[in-house]
Amino acid sequence: MVKTGISQLKQMLVEENLQLVHSACEGTASELVRKFRGNTGPSRIALPLNETDLNKKLEVELDLMLSEYSQINGPFSSTDEYKDVIKTLKSRLLLVCEERHKDNVEAYTKEVRVPLETARKIILLSADRYDTAFSVRQYV
């Protein structure tokens with residue numbers, strides 16, 4: 001009976017410890033996602049940026065966040081909670097990367113919209129003077 005009580009207490013303590021590990025890892029992951037957003041935000045990375053350069057900067061920051069997570073939560077690396085949270089952290093960081101790519105496309109769109117609209121208007125206005133076998137209206 002004493003062995004049963006001790007084993008139940010041990011199991012309860014193990015479960016409580018795993019919950020604490022999970023909450024500590026989640027807290028670290030949330031902080032790192034917040035830090036990643038700040039490090040890759042408009043105040044740090046001026047957009048629009050070449051896609052290759054943007055990918056390099058995002059990869060560097062992503063690697064920094066993952067290594068920081070491993071460094072902070074290293075003692076728990078053998079637990080399933082650690083592994084689950086690092087998978088979640090990677091997916092959350094990749095979502096932020098997708099947001100940054102969308103922001104980059106929007107920034108390019110803002111930069112190029114006015115010249116493209118102007119060129120389009122010029123082409124449409126001068127289409128009657130330069131009529132060819134292919135209609136300008138097909139391409140515009």
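This is a predicted model: local features need pLDDT of at least 70, side-chain atom pairs count only at pLDDT 80 or more; totals for chains, interfaces and linings use all residues.

Colleague: How far apart are the closest N and O atoms of R100 and D103?

Modeller: Side chains of opposite charge can pair when their charged atoms come close. A salt bridge needs the nitrogen within 4 Å of the carboxyl oxygen. R100 and D103 do form one, with the closest N and O atoms at 3.4 Å.

Colleague: Is R100 buried or exposed?

Modeller: R100 lies in helix α3. The cut-off for buried is under 20% relative accessible area. The relative accessible area of R100 is 10%, so R100 counts as buried.

Colleague: Which residues does R100 touch, not counting residues up to four places away in sequence?

Modeller: R100 is in helix α3, and R37, one of the residues it touches, belongs to the α1 side of the contact between α1 and α3.

Colleague: How many salt bridges does a search of the whole structure find?

Modeller: One of them joins E99 and R37, at 2.9 Å from N to O. That pair links distant parts of the chain, with E99 in helix α3 and R37 in helix α1, 62 residues apart. E99 is partly exposed at 32%, and R37 is partly exposed at 36%. Searching the whole structure gives a total of 4.

Colleague: Which residue forms a salt bridge with E68?

Modeller: The closest N and O atoms in that bridge are 2.9 Å apart. The pair ties helix α2 to helix α1 across 33 residues. E68 is partly exposed at 22%, and its partner, partly exposed at 35%, is K35.

Colleague: On to packing: are α1 and α3 roughly parallel or roughly antiparallel to each other?

Modeller: Two packed helices are described by the angle between their axes and the distance between the axes. For α1 (residues 2-39) and α3 (residues 80-125), that's about 15 degrees and 9 Å. Angles under 35 degrees count as roughly parallel. So α1 and α3 are roughly parallel.

Colleague: How many nonpolar residues does the contact of α1 with α3 have?

Modeller: The crossing of these two helices is right-handed. On the α1 side the contact includes L18, V21 and F36, and on the α3 side it includes Y82, V85 and L89. By class, the contact of α1 with α3 has 2 polar and 6 charged residues, while the nonpolar count is 13.

Colleague: What about α2 and α3, roughly parallel or roughly antiparallel?

Modeller: Their axes are 11 Å apart and meet at an angle of about 155 degrees. The cut-off here is over 145 degrees. That makes α2 and α3 roughly antiparallel.

Colleague: How many charged residues are in the contact of α2 with α3?

Modeller: α2 passes α3 in a right-handed crossing. Residues in the contact include L58, M65 and Y69 of α2, and I86, R100 and N104 of α3. By class there are 12 nonpolar and 4 polar residues, and the charged count is 3.

Colleague: What is the relative accessibility of N104?

Modeller: N104 belongs to helix α3. Beyond its neighbours within four places in sequence, N104 is in contact with L47, P48, L49, E51 and L54. N104 counts as buried, with a relative accessibility of 0%.

Colleague: P48 came up there; is its peptide bond from L47 cis or trans?

Modeller: P48 lies in the loop between α1 and α2 (51-72). The omega of the bond from L47 to P48 is near 5 degrees, and that bond is cis.

Colleague: Last one: which residues is M65 in contact with, leaving aside neighbours within four places in sequence?

Modeller: M65 lies in helix α2 and is buried, at 1% relative accessible area. M65 and R34 are 31 residues apart in sequence and 10 Å apart in space, C-alpha to C-alpha. With those neighbours left aside, the contacts of M65 are L32, K35, F36, N39 and L93.

Methods: Residues are numbered from 1 along each chain as its sequence is written. Side-chain values use heavy atoms; hydrogens and water are left out. Axes are lines fitted to C-alpha atoms, for helices over the stretch in contact, and angles run from 0 to 180 degrees between N-to-C directions. Helices (H or I, at least four residues) and strands (E, at least two) are DSSP runs, numbered from the N terminus. Angles under 35 degrees count as roughly parallel, over 145 as roughly antiparallel, 65 to 115 as roughly perpendicular and the rest as oblique. A crossing is left-handed if the near helix is turned anticlockwise from the far one by less than a right angle, and right-handed if clockwise. Contact means heavy atoms within 4.5 Å. Ala, Val, Leu, Ile, Met, Phe, Trp, Tyr, Cys and Pro count as nonpolar, Asp, Glu, Lys and Arg as charged, and the others, Gly among them, as polar. A salt bridge is a side-chain nitrogen of Lys or Arg within 4 Å of a carboxyl oxygen of Asp or Glu. Buried means under 20% relative accessible area, exposed over 50%, partly exposed in between (1.4 Å probe, protein chains only).
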